[in-house]
Amino acid sequence: KKLKAERKAFENYQKINKEVPNKVEREEIKELNEQISCLKEEIKFKEERWNAAAIRFRSKISQLEEENTSLQKQIIMLEQERLQRIKKNEKKEKVVTFAPNSIIDTEQQCFMEKHVVKNPKYEIEDPIKERESVCAKNDQTIAMTPLLVSNHQVIRGKQIKHTDGKIESVMADGSRIIKFANGTEKVVSADEKTISIKFFNGDVKRVLPDNRMVYYYAESQTTHTTFANGLEVLEFPNNQVEKRFPDGQIEITFPDQTVKKIMSNGCEETLFADGTVQRTEINGQTVIVFPNGQRETHTMNYKKREYPNGTVKTIYEDGRQETKYSNGRLRVKDKQGNLLIDTGETD
């Protein structure tokens with residue numbers, strides 16, 4: 001019993017010693033506590049800095065919102081001022097007179113007076129630049145000079161020079177011609193339904209009354225037409241025509257009149273000029289139908305050709321060749337061409 005009591009006391013002593021940290025452990029605990037304290041202070045400092053930044057950003061947002069509101073009010077005021085200036089200029093505007101040597105007759109002159117004088121919308125094309133051109137009269141000159149424009153008659157009409165180098169002219173038929181400083185030329189019809197733009201690089205863009213947009217790329221000599229219903233047609237210089245439908249389908253007509261259709265689901269169909277039709281499914285399987293009635297199927301595992309008389313020839317991936325005749329005969333060859341099976345003719 002005494003031995004058991006001593007053993008129990010010794011075990012209790014060891015247990016107490018294990019629970020009490022030694023000198024090294026106490027130093028480690030102290031360092032860890034100091035690190036925790038430093039991290040807490042650092043987190044507190046960062047939180048204060050983040051809160052200050054959030055307050056500063058909120059203040060900046062409020063300031064920007066106020067500035068935005070002020071700018072919107074200024075825009076409204078400037079727009080009203082622009083309209084008032086236009087009305088004043090419209091009242092002060094004098095009737096345009098034409099030189100004695102003008103080649104247009106009295107009837108054409110009346111037409112010009114109607115469109116040039118009484119319709120101020122033809123004076124300035126860009127609404128943003130309009131206010132600048134009205135205010136900066138010293139930077140703008142209005143000249144009565146002869147104008148020569150392709151596909152338009154020669155007249156003595158109104159010409160406006162803008163501060164950005166743009167020159168705008170009003171023709172006898174009411175159309176407008178705007179020439180930009182970089183060489184681009186824009187022609188707008190009297191009803192503003194037809195617009196033609198010739199860019200400095202030779203490209204030409206046309207907007208037609210039926211809402212078609214035709215763009216000609218000078219470098220590639222390609223015409224891109226976009227219809228109101230979303231259909232796009234590309235015409236290439238080699239007579240290839242590509243149609244892109246709104247549903248994603250694409251139809252390509254090649255110079256040899258071969259027509260290839262790419263469906264919206266990824267399937268393809270090609271109609272060759274000799275009447276051959278090739279269809280390719282999403283899984284890669286291709287079916288070719290020839291004008292003579294033969295039908296060929298290509299898959300990943302075999303190629304098969306079916307003849308009008310019922311004969312079917314199949315070549316497998318491993319090179320084996322199998323021929324089934326309409327009368328039931330079966331011939332099988334290996335990839336070297338050695339005959340493996342021939343059931344012979346059967347009635």
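UniProt positions are given here in the numbering of this model, and an annotation of this kind may be inferred rather than shown by experiment. The model itself is predicted.

**View 1. The annotated stretches.** The unreviewed UniProt entry carries the annotation "domain: Centromere protein J C-terminal", and its record places this on residues 158–187, 265–298 and 301–332. Take residues 265–298: there's 0% helix here and 47% strand, with the end C-alpha atoms 20 Å apart. Residues 301–332 come out at 0% helix and 53% strand, and their end C-alpha atoms sit 16 Å apart.

**View 2. A run of glutamates on the surface.** Here E25, E27, E28, E31 and E34 come together as a patch of negative charge on the surface. One of them, E34, belongs to helix α2, which spans residues 23–92. E34 has 45% relative accessibility, so it counts as partly exposed.

**View 3. The D210 and R212 pair.** The whole structure holds 14 salt bridges, and this close-up picks out the one between D210 and R212. The closest N and O atoms of D210 and R212 are 2.8 Å apart. How exposed is D210? It's partly exposed, because its relative accessibility is 42%. R212 also counts as partly exposed, this time at 27%.

**View 4. E296 meets R305.** In this salt bridge, the closest N and O atoms of E296 and R305 are 2.4 Å apart. Is E296 buried or exposed? E296 has a relative accessible area of 14%, and the cut-off for buried is under 20%, so this glutamate counts as buried. R305, at 25% relative accessibility, is partly exposed.

View 5. D342 and R331 join their side chains in a salt bridge, at 2.8 Å from N to O. D342 is partly exposed, because its relative accessibility is 31%.

**View 6. A three-residue network.** Which residues are linked here in a network of salt bridges? They're E168, R176 and E192.

**View 7. Two loop residues with positive phi.** Most residues other than glycine have a negative phi. N239 has a positive phi, near 75°, and isn't a glycine. Look for N239 in the loop between β10 (232–235) and β11 (241–244). N239 counts as exposed, because its relative accessibility is 60%. Q257 isn't a glycine either, and its phi is positive at about 70°. Where does Q257 lie? Q257 is in the loop between β12 (250–253) and β13 (259–262). With 54% relative accessibility, Q257 counts as exposed.

**View 8. P291 and T276.** P291 sits in the loop that runs between β16 (286–289) and β17 (295–298). Since P291 has 55% relative accessibility, where exposed means over 50%, this proline counts as exposed. T276 is 15 residues away from P291 along the chain, and the C-alpha atoms of the two are separated by 5.7 Å.

Technical notes:
Residues are numbered from 1 along each chain as its sequence is written. This is a predicted model: local features need pLDDT of at least 70, side-chain atom pairs count only at pLDDT 80 or more; totals for chains, interfaces and linings use all residues. Side-chain values use heavy atoms; hydrogens and water are left out. Helices (H or I, at least four residues) and strands (E, at least two) are DSSP runs, numbered from the N terminus. Patches are made of residues with over 30% relative accessible area and no salt bridge: like charges are joined within 9 Å, nonpolar side chains (Val, Leu, Ile, Met, Phe, Trp, Tyr) within 5 Å. Accessible areas come from the Shrake-Rupley method with a 1.4 Å probe; for residues, only the protein chains shown count as cover. A salt bridge is a side-chain nitrogen of Lys or Arg within 4 Å of a carboxyl oxygen of Asp or Glu. Lys and Arg count as positive and Asp and Glu as negative; His and the chain ends are not counted. The place of a charge is taken as NZ of Lys, CZ of Arg, CG of Asp or CD of Glu. Buried means under 20% relative accessible area, exposed over 50%, partly exposed in between (1.4 Å probe, protein chains only).
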